Amino acid sequence: MAVNNAVSTVFVGISELTTNDDELGQLSGVALVTEGERVVWVGPAARAPEADQRVDLGGRAVLPGWVDSHTHLVFAGDRTEEFAARMAGQPYRAGGIAVTVEATRAAGDAELAGVLRRHAAEALAQGTTCLETKTGYGLTVADEVRSARLAASTVDEVTFLGAHLVPPGWDADEYVALVCGDMLDAVAPHVRWADVFCETGAFDEDQSRTVLLAAAARGLGLRVHGNQLGPGPGVRLAVEMGAASVDHCTHLTPSDVDALAGSDTVATLLPACDLSTRQPLPDARALLDAGATVALASNCNPGSSYTSSMAFCVATAVLQLGMSVAEAVRAATWGGARALRRETGDGAVGVLRPGSRADLHVLDAPSATHLAYRPGVPLTHAVWQRGRRVVP
Ligand code: NIG
């Protein structure tokens, strides 16, 4: 079945296949064929076509690789003490970001690249086959460009987050002018997305809108950090600006939920962050029941959420947020892809159907339910990314 000299592989012994395809749904008794970097066939195992290679998965569940649409992996330094103080009762403050900014600026390129690659590899080993990461710990033109360049060499999607915090010593409006001018000009060629932390202690609504307008004028897609530490304008602004995603959504009013449900903006929930900062957990049920699109992401960063485990996020979403297993798995795969606008077309991620990227996450379990049934147990058996076995 090989065309164009691409090697084809038929996967059999699949106990349960999550496709996230509206027509295919969740399947059993099926086989899947990849050719090169793509899935080319899904159907009854008894009718599986011949292929160059045959892989028997021995009765294991297969799902699309996780799509982690929110991380901050270009950083240096350590904030263990801040975490320990928080667990001893101190509140989380956005100002902690400045600690990582200082360490990141002081680090050499090789150190930053090493940290980034180590975390990307850690995520891949746990089944994350599509990864977004952000700048935002540089906050000078040179450091933001460096962060974007390093990120672009390692991950699938890069987001400019120059508007993460007003750096110490800066006037907020002067810093916003820098972000919207020289910084965006220099960083835009390296990134697809721009983001702003719209929150008390970071950027207010007007400043956030100014950043998003400047980014949109340069052709970047928009994302927003919103409603993380309290109710606020972030969600409303994200919807108004047509952002692809608004991330956190921890403190939502009923009108925020309605706005999301009536929009194309994905509500990306970051439950590991809420646990690690001792925030309440987001009302996933209200969002889903209203018809909003929900994604789950790790928010891996050294301050508010130092985990790359999407399985942990899925288990938490099921056990603590009231999501069903199917909803949580979909949110951590298709939802993340939708938040990055990569869920359709040739090479789509977060789905397994003919034409999609051949990113397969094989669990050492007969069904995806085990992700929540056996929380904390490492269930990744094997991972194929772009048709190539990368784990183990
Ligand atoms: O998504 N909210 C803002 N940014 C990160 C926090 C980063 C940090 O504390 O270093 C977040 O939680």
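**Domain organisation, sheet architecture and annotated site**

In the predicted model, the chain is divided into domain 1, comprising residues 8-64 together with 350-391, and domain 2, comprising residues 66-339. The centres of domain 1 and domain 2, taken over C-alpha atoms, are separated by 29 Å. Contact between them involves 19 residues of domain 1 and 20 residues of domain 2. On the side of domain 1 that touches domain 2, two or more residues are given by each of strand 5, helix 13 (370-373), strand 15 and strand 16 (388-391). Strand 15 supplies the largest share of that side, three residues.

Strand 5 (residues 53-64) runs antiparallel to strand 14 and is joined to strand 14 by three bridges, with Pro64 standing opposite Leu360. Pairing between strand 14 and strand 15 (residues 380-385) is likewise antiparallel and extends over four bridges; here Leu363 stands opposite Thr380. In a regular strand the side chains alternate between the two faces of the sheet. In strand 14, Leu360 and Val362 point one way, whereas His361 and Leu363 point the other way, and all of these residues are buried.

An open sheet of eight strands is formed with parallel pairing in the order 6-7-8-9-10-11-12-13. Strand 6 (66-68) and strand 13 are the edge strands, each pairing on one side only. From one strand to the next, the twist averages 25°. At the strand 13 edge, three bridges connect strand 12 (residues 266-269) with strand 13 in the parallel sense, and Ala267 has Val294 as its bridge partner in strand 13. Two helices that lie across strands of this sheet are described here. Helix 6 (residues 205-217) lies across strand 8 (157-163), strand 9 (193-198) and strand 10, and runs at about 180° to strand 9. Helix 12 (residues 325-339) lies across strand 6, strand 7 (128-134), strand 11 (245-248), strand 12 and strand 13, with an angle of about 100° to strand 13.

The largest nonpolar core contains 126 residues, and those with the most contacts inside it are Leu32, Val211, Leu296, Val314 and Ala317. Because both domain 1 and domain 2 give residues to this core, it lies between them. For Leu296, contacts beyond the neighbours within four places in sequence are made with Leu269, Cys313, Val314, Ala317, Ala328, Ala331, Ala332 and Gly335.

An unreviewed UniProt entry places the feature "binding site" at His70, His72, His225 and Asn299. These positions are spread over 230 residues of sequence, yet they cluster in space, the largest C-alpha distance being 12.2 Å. His225 is found in strand 10 (residues 221-226) and counts as buried because it has 31 C-beta neighbours inside 10 Å. Apart from neighbours within four places in sequence, His225 is in contact with Asp195, Val196, Phe197, Cys198, Glu199, Gly234, Asp247 and His248. Asn299 is found in the loop between strand 13 (294-296) and helix 11 (310-320). With 31 C-beta neighbours inside 10 Å, Asn299 also counts as buried. On the same exclusion of sequence neighbours, the contacts of Asn299 are His70, Thr71, Leu270, Ala272, Cys273, Ser304 and Ser305; among them, His70 is itself one of the annotated positions.

How values were computed
Residues numbered from 1 in each chain as written. Predicted model: local features only at pLDDT ≥ 70, side-chain atom pairs only at ≥ 80, totals over all residues. Core = buried A, V, L, I, M, F, W, Y, C linked by C-beta atoms within 7 Å. Buried ≥ 20, exposed ≤ 12 C-beta atoms within 10 Å, placed from the backbone. Domains from an automatic or database assignment. Contact = placed C-beta atoms within 7 Å. Pairing = 2+ DSSP bridges. UniProt positions renumbered as here; feature names shortened; annotations may be inferred. Axes fitted to C-alpha atoms, helices over the stretch in contact; angles between N-to-C directions.
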